[in-house]
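Dear colleague,

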Amino acid sequence: MSARLPDHGIAWDELRPRMEEAGRHDADWRGGRLPMFIHYAGDDVLDVAKQAYLMYFSENGLGPRAFASLDRFEKDVVSMGLGLLHGGPEACGAMTTGGTESIFLAVKCARDRFLAQRPGGNARPQILMARSAHPAFDKAAHFLGLEPVRTPLDADFRADPAAMRAALMPHTAMVVGSAPSFPHGVVDPIPELAALARAHGTWMHVDACVGGYFAPFARELGADIPDFDFAVEGVTSISADLHKYGYTAKGASTLFFADPDAFALMGYAFDDWPRGQYFTHTLVGTRAGGAIAAAWAVMNYLGRDGYLRIAQRVLNVRRSMQAGLEAMGLPTIGRPELSIFAFGSPQRDMGAVGRGMGARGWTVGYVNDPPGIHHMLNLTHEPVVQQYLSDMAAVLMDPATSAQGRGTAVEAKY
Ligand SMILES: Cc1ncc(COP(=O)(O)O)c(C=O)c1O
């Protein structure tokens, strides 16, 4: 135990430089050298998010009666999100604190509906998903008493509907599709998966944590991906993170439902204690008013044309990186159409390639199946594409990273 509460408070003037010093060795995200964790859309957007956050810094989303402002912001955000994702007149939803909470709540709703419809059955309900689905589903299954079942990917690294059909059981409580998956950035065939779920009366969740606020704009700009949202019949719920490609402050996601009956499974009410009625529709109690306010402000600040402009620039970054890497013999894995891509070659030891880039100051993310290097892009990467490619060319020329260790597995860590 190295830190203890100081006996006497320390002035902010003294604390501030200490905090700046603490971050001195963090990854250089502003310099575009970090392949994930950040979704930067320009200093102007950051400034709007920060100002709105600070304006509602102390307010609490737990109290819609006290903070009509936050209640209104949340309703507006949900409505704007549903507008992007083809929500019908019955569709509804709420803000949560992040992708994991959205997924957790969707799993809870699916489980509760499953248990209500199949009373007495003692098989543990299952979540059926492809190998590329996010670990948040396993985490939710672990906490909520479900069994996760993962199926192999197709040749394009997408969920394989035939494999999922074969694995579907009477006690499958939820079918999951990703739009896109985190490892390869490809969109699963949601219409096929939803048809499968619908034929079995199973809950269909689309994990659009990454794509929810990016894919609608990328499609408008010509990205070739099939329908993935409530336009697809049979989709029951969708998670879409605002703190990723909504470009808002961290601590903000949305969870949407096709109808109010599904949404009703999410809330929790309790009144058998001295303080009377308690109700939340999300998992957490207190919710940062700032995160709700910042989401409202950034969405309104950017508008459709703002999101389109940023999406176009991110797509250009991805295409330039792909083309440059491909020309060096490092092809893209699968056919990603959005903001994530991974690349690698079985002729190369991708771990050694990554270490070479690391030595040149790039923080490297990996995928391990197949071995490759992973990028989740944003506008910090735009000015450094050429630098990245020329560093990669130098790494490939280096005898230490050339042909030896072909196809060697990499250790992919967060
Ligand atoms: C596809 C996908 N789903 C869910 C999540 C979880 O989101 P969070 O980290 O906000 O909990 C992520 C995070 O990267 C993701 O990529």
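**Strand β7 and its partners**

Strand β6, residues 237–241, runs antiparallel to β7, and five bridges join the two strands. Within this pairing, Asp241 has Ser253 of β7 as its bridge partner. Please note that the model is a predicted one.

Strand β1, residues 92–96, is also antiparallel to β7 and is joined to it by five bridges. Here Cys92 stands opposite Phe257 of β7. Strand β7 itself spans residues 253–257 and is mostly covered, with five of its five residues buried. Both of its faces are covered: Ser253, Leu255 and Phe257 are buried on one side, and Thr254 and Phe256 are buried on the other.

**His205 in strand β5**

His205 is located in strand β5. Its relative accessible area is 0%, so His205 counts as buried. The side chain of His205 makes a polar contact of 2.9 Å with the side chain of Ser239. Setting aside residues up to four places away in sequence, His205 touches Ile103, Ala106, Phe137, Met174, Val175, Val176, Gly177, Ser237, Ile238, Ser239 and Leu255. One of these residues, Leu255, is among the buried residues of β7, and another, Phe137, is among the buried residues of helix α5.

**Helix α5**

Helix α5 comprises residues 136–144, and Ala136, Phe137, Ala140, Ala141 and Leu144 are buried in it. These residues lie on the same side of α5 because they cover an arc of only 140 degrees around the axis. The face turned away from that buried side carries His142 and Phe143, which are exposed.

What covers the buried residues of α5? The cover includes helix α4 (99–117) and the strands β2 (126–130), β3 (147–151), β4 (172–178) and β5 (203–207). After α5 comes Gly145, which has a positive phi, near 80 degrees.

**Val410, after helix α12**

Val410 belongs to the segment that follows α12 (385–397). Is Val410 buried or exposed? Its relative accessibility is 9%, and Val410 therefore counts as buried; the cut-off for a buried residue is under 20%.

Val410 and Met350 are 60 residues apart along the chain, while 6.7 Å separates their C-alpha atoms. Met350 is also one of the residues in contact with Val410 when neighbours within four places in sequence are left aside; the others are Gly351, Tyr366, Val367, Asn368, Pro371 and Gly372.

**The chain as a whole**

The protein chain has twelve helices and twelve strands. Its C-alpha atoms fill a box of roughly 70 × 65 × 50 Å along the principal axes. For 414 residues, a compact globule would have a radius of gyration near 22 Å, and the value for the protein chain, 22 Å, agrees with this.

Of the 414 residues in the protein chain, 50% are buried. Among the contacts with a separation of 6 or more, 71% are between residues 24 or more positions apart. The protein chain exposes about 19300 Å², and 55% of this area is supplied by carbon and sulfur atoms.

With kind regards

Definitions and conventions: Residues are numbered from 1 along each chain as its sequence is written. Side-chain values use heavy atoms; hydrogens and water are left out. Buried means under 20% relative accessible area, exposed over 50%, partly exposed in between (1.4 Å probe, protein chains only). Helices (H or I, at least four residues) and strands (E, at least two) are DSSP runs, numbered from the N terminus. The arc is that of the directions from the helix axis to the C-beta atoms. Contact means heavy atoms within 4.5 Å. A polar contact is a pair of N or O atoms within 3.5 Å; within protein, one must be able to donate a hydrogen and the other to accept it, and residues adjacent in sequence count only if both atoms are side-chain atoms. The radius of gyration is taken over C-alpha atoms; the globule rule is 2.2 Å times the number of residues to the power 0.38. Accessible areas come from the Shrake-Rupley method with a 1.4 Å probe; for residues, only the protein chains shown count as cover. Two strands pair if DSSP finds at least two bridges between them.
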